[in-house]
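Let's take a quick tour of one protein model, strand by strand. Have a look at the sequence and the 3D view first, then read on.

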Amino acid sequence: MAGPKRPIRDGLGFFGRFLRNPTSVGAVLPSSRYLSRALVGHLDLAPGELIVEFGPGTGPATAVLHGAMPTGARYLGIELDPKFHKLLGTRFPGFDFELGSAADVRQILAQRQLPRPRRIVSGLPFASLPPAVQDGVVDGIVFCLRGSDGDFRTFQYVHAYGLRAARRFRAMMQERFDGFERIGPVVRNVPPAFVLRYWGAK
Ligand SMILES: C[S@@+](CC[C@H](N)C(=O)[O-])C[C@H]1O[C@@H](n2cnc3c(N)ncnc32)[C@H](O)[C@@H]1O
């Protein structure tokens with residue numbers, strides 16, 4: 001699916017978006033396929049179930065999800081950047097993408113008459129997101145996953161793992177989830193990153 005020129009083109013386009021919006025894009029390059037595979041992991045989705053992705057960007061994890069989802073499972077990506085949103089729509093024609101903030105997931109699901117998802121995969125740059133956005137996103141995740149056996153998966157770059165905003169996010173998630181697992185670091189990514197998985201929303 002990915003031609004040899006696509007990663008280079010995506011990388012250049014992504015870097016341009018980073019220069020325009022460094023805090024919300026939060027990375028200089030799209031995730032590698034190694035990080036995307038570690039993030040998506042085993043989905044264990046039933047046909048008809050919904051999976052939600054926050055911040056798909058140019059779609060490296062979306063491509064892995066695309067190959068891993070069972071027939072009939074549904075996908076919704078929520079992306080803030082209009083250029084990425086447009087690109088995703090042409091790249092993944094069978095998938096739904098909302099142009100908006102992951103902090104509004106509850107309202108977005110209601111407007112689209114979608115059920116709460118059991119799996120949420122996130123590429124959001126929590127280490128650079130303002131506290132109010134972090135709070136809104138965490139509330140949204142808990143709303144989606146409370147009472148379910150599903151999980152939330154995200155990644156944090158190794159070099160930014162100790163930053164105040166990254167620690168703040170993990171502390172909040174630790175308070176609101178019973179289960180936590182850290183995978184990696186995945187070194188075949190620029191920069192290397194940990195995958196974080198949370199389950200058991202309180
Ligand atoms: C670090 S990039 C990751 C992109 C992609 N998932 C990847 O792994 O290459 C962060 C992405 O989150 C998006 N983003 C930032 N804040 C967001 C928000 N509040 N809601 C939805 N998307 C957001 C950015 O536009 C960007 O596409």
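How many of the six residues of β2 are buried? Five of them are, which leaves β2 mostly covered. Keep in mind that this is a predicted model. Here's what else turns up when you start from the strands and work outwards.

**Strand β1, covered on both sides**
- Strand β1 spans residues 50–54, and it is largely enclosed by the rest of the structure because five of its five residues are buried.
- In a regular strand, side chains alternate between the two faces of the sheet.
- On one side of β1 you'll find Leu50, Val52 and Phe54, while Ile51 and Glu53 sit on the other, and all of these are buried.

**Who pairs with whom**
- β1 lines up parallel with β2 (residues 74–79), and five bridges link the two.
- Two places to look at in that pairing: Leu50 has Arg74 of β2 as its bridge partner, and Glu53 stands opposite Gly77 in β2.
- To get from β1 to β2, the chain passes through helix α4 (residues 60–68), making a right-handed β-α-β crossover.
- β1 also runs parallel to strand β4 (residues 119–122), joined to it by four bridges.
- In that pairing, Ile51 has Arg119 of β4 as its bridge partner.
- β2 has a parallel link to strand β3 (residues 96–99) too, with four bridges between them.
- Here Leu76 stands opposite Asp96 in β3.
- Together with helix α5 (residues 82–91), β2 and β3 form a β-α-β unit that is right-handed.

**The nonpolar core**
- The largest nonpolar core counts 47 residues, and the ones touching the most other members are Leu39, Ile51, Val52 and Leu65.

**Around the ligand**
- There are 24 residues around the ligand, and Pro30, Ser31, Gly55, Gly57 and Gly123 come nearest.
- α2 (22–25), α4 and β2 are the elements that each give two or more residues to this shell.
- Sorted by class, the shell around the ligand holds 15 nonpolar, seven polar and two charged residues.

Notes. Residues numbered from 1 in each chain as written. Predicted model: local features only at pLDDT ≥ 70, side-chain atom pairs only at ≥ 80, totals over all residues. Buried ≥ 20, exposed ≤ 12 C-beta atoms within 10 Å, placed from the backbone. Pairing = 2+ DSSP bridges. Right-handed = clockwise from strand over helix to strand, strands pointing away. Near = placed C-beta within 6 Å. Nonpolar A, V, L, I, M, F, W, Y, C, P; charged D, E, K, R; others polar. Core = buried A, V, L, I, M, F, W, Y, C linked by C-beta atoms within 7 Å.
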